[in-house]
Amino acid sequence: MVAMKFERAIVRPNSIQWQKKSIPSARPTTVNGHAPTSTTTNGNGNPSFPANKAQLYNSTRPVYRPLPRRNRRSCCCSCCLWITFLILLLIVIAAIAGGVFYVLYRPHRPSFAVSSLQVSQFNLTSSNQLNTKFNFTVTARNPNKKIAFYYDLVSVSIDSKGVDVGDGSIPAFMMPKKNTTKLRTIVSTSGQSVDDSSDLKSDLKNKKSLPLTIQLDTKVKVKIGSFNTKKVPIRVVCKGIKVTAPTGKLATTATTSDVKCKVDLRIKIWKWRI
C-alpha cells in the first residue's frame, strides 16, 4: 500500500517539534488499471488463501471409517458350538433322569420260559404235505415291584430248519407286580408244503431229532404307578428245543432243559426295526 505522507506540527511549550505521521490514502493505488487482491503469507513466505466452502464443510465432517465385516466362518463355528453344547446338555439331563428313574423303580424286563412242549402230530405225507400239532405252555414272569405289564394278543410260530411247522396264538393278558403266569395254547399246521431238498424231510424220514425255534410276537403296555406308556412291540425268541416225531398216537415231549428265551423290543424307525 502506498501512503501519502503529511507533516503536522505539534506545538509544545518552549519548542516546536515536527513529527511525521503516515496517513493512509483514501484511494488505493492501482496496478495496470486493476485493484490488487489482498493475500497473506505464511511462515514460509508462500501466499495463503482463505478456505473455500468445500474445505470448511470437510473440516467439520467426521472421517468415514468402514465397519469391519463379520466372518461367516466364525458365525458357523459359534452356532456349531452352541448346538453341540445343547446336545450334551440334553444327554446329561436324560442320563440324570434315567438314573433317578432306575433308583426309584428298579425296572427289569419280563422273562419267558418254555414250561412244556408236547408233540401229538408231526408227519409228512407222500405229496410233501406237513401236518403238525403241538401243546405249548410258556411261563411269563414279572420281577418288578412297582411296574405292571399289559399284553395284547400274542402270535406264536414254531420253526424247524427254516420251515414254518406251526402257528397259534395266546389271548391278551395282564401281569401285575411280582407275578408269574402260565400260558397254554395249541400250535398246529395242516397242508404245509415242504421241498424235496429240505433237511426237514430227510430228518423226518430218518427219524432224527428235530431242532425247534419258538417265536412270540406281541405288543405290551407298561404301567408305572398311575402312568401308562404307549404300546411297544416286543419279540420273544426261544431256542435250544429238540423234539422227535411221534409214532402212532403216542405223543412225544420236547427237551426244554437248555431252552433260552430272549426278549427284545421291536422299535420301528421309518423303514427299519431295531
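**Briefing on a predicted single-chain model**

In the protein chain, residues 24 or more positions apart account for 62% of the contacts with a separation of 6 or more, a contact being heavy atoms within 4.5 Å. The model is predicted, so local features are given only where pLDDT is at least 70 and side-chain atom pairs count only at pLDDT 80 or more, whereas totals for chains, interfaces and linings use all residues. Residues are numbered from 1 along each chain as its sequence is written, and side-chain values use heavy atoms, with hydrogens and water left out. The protein chain has three helices and 18 strands, which are DSSP runs (H or I of at least four residues for helices, E of at least two for strands) numbered from the N terminus.

**Surface and burial**

- The accessible surface of the protein chain comes to about 20,700 Å², of which 57% belongs to carbon and sulfur atoms, as computed by the Shrake-Rupley method with a 1.4 Å probe, where for residues only the protein chains shown count as cover.
- Of the 274 residues of the protein chain, 23% count as buried; buried means under 20% relative accessible area, exposed means over 50%, and partly exposed lies in between (1.4 Å probe, protein chains only).

**Annotated segment**

- The unreviewed UniProt entry lists residues 81-105 as "transmembrane region"; UniProt positions are given in the numbering used here, feature names are shortened, and annotations may be inferred rather than shown by experiment.
- In the model, the span of residues 81-105 is 100% helix and 0% strand, and its end C-alpha atoms lie 36 Å apart.

**Nonpolar core**

- The largest nonpolar core has 41 residues, the term standing for a set of buried Ala, Val, Leu, Ile, Met, Phe, Trp, Tyr and Cys residues joined through side-chain atoms within 4.5 Å.
- Strand β12 (residues 210-224) gives the most to this core, with seven residues.
- The residues with the most contacts inside the core are Leu-117, Phe-122, Phe-134, Phe-136, Val-165, Ile-214 and Leu-216.
- Leaving aside residues up to four places away in sequence, Phe-134 touches Leu-117, Gln-118, Val-119, Phe-122, Ile-158, Val-165, Thr-185, Ile-186, Val-187 and Leu-212.

**Strand pairing**

- Strands β8 (residues 154-160) and β9 (residues 163-170) run antiparallel and are joined by seven bridges, where two strands pair if DSSP finds at least two bridges between them.
- β8 and β9 form a hairpin with two residues between them, and Lys-161 in the turn has a positive phi of about 55 degrees; in the pairing, Asp-159 stands opposite Asp-164 in β9.
- Strand β7 is largely enclosed by the rest of the structure, because four of its five residues are buried.
- Five bridges join β7 to β12 in an antiparallel arrangement, and three bridges join β7 to strand β10 (residues 173-175), which also run antiparallel.
- Tyr-151 has Val-220 as its bridge partner in β12 and Phe-173 as its bridge partner in β10.

**Salt bridges**

- The count comes to three salt bridges, each defined as a side-chain nitrogen of Lys or Arg within 4 Å of a carboxyl oxygen of Asp or Glu.
- Lys-231 forms a salt bridge with Asp-152, the closest N and O atoms being 3.1 Å apart; the pair links distant parts of the chain, 79 residues apart, with Lys-231 in the loop between β13 (227-228) and β14 (232-243) and Asp-152 in the loop between β7 (147-151) and β8.
- Lys-231 counts as partly exposed at 47% relative accessibility, and Asp-152 counts as partly exposed at 24%.
- The side chains of Lys-161 and Asp-203 meet in a salt bridge at 2.1 Å, N to O, linking the loop between β8 and β9 to helix α3 (residues 199-205) across 42 residues of sequence.
- Within that pair, Lys-161 is partly exposed, with a relative accessible area of 40%, whereas Asp-203 counts as buried at 7% relative accessibility.
- Asp-217 forms a salt bridge with Arg-235, the closest N and O atoms being 2.6 Å apart; Asp-217 lies in strand β12 and Arg-235 in strand β14, so the pair ties together parts that are 18 residues apart in sequence.
- Arg-235 counts as partly exposed, at 25% relative accessibility.

**Arg-266 and Asp-217**

- Arg-266 lies in the loop between β16 (260-265) and β17 (268-269) and counts as partly exposed at 23% relative accessibility.
- Arg-266 and Asp-217 are 49 residues apart in sequence and 9.3 Å apart in space, C-alpha to C-alpha.
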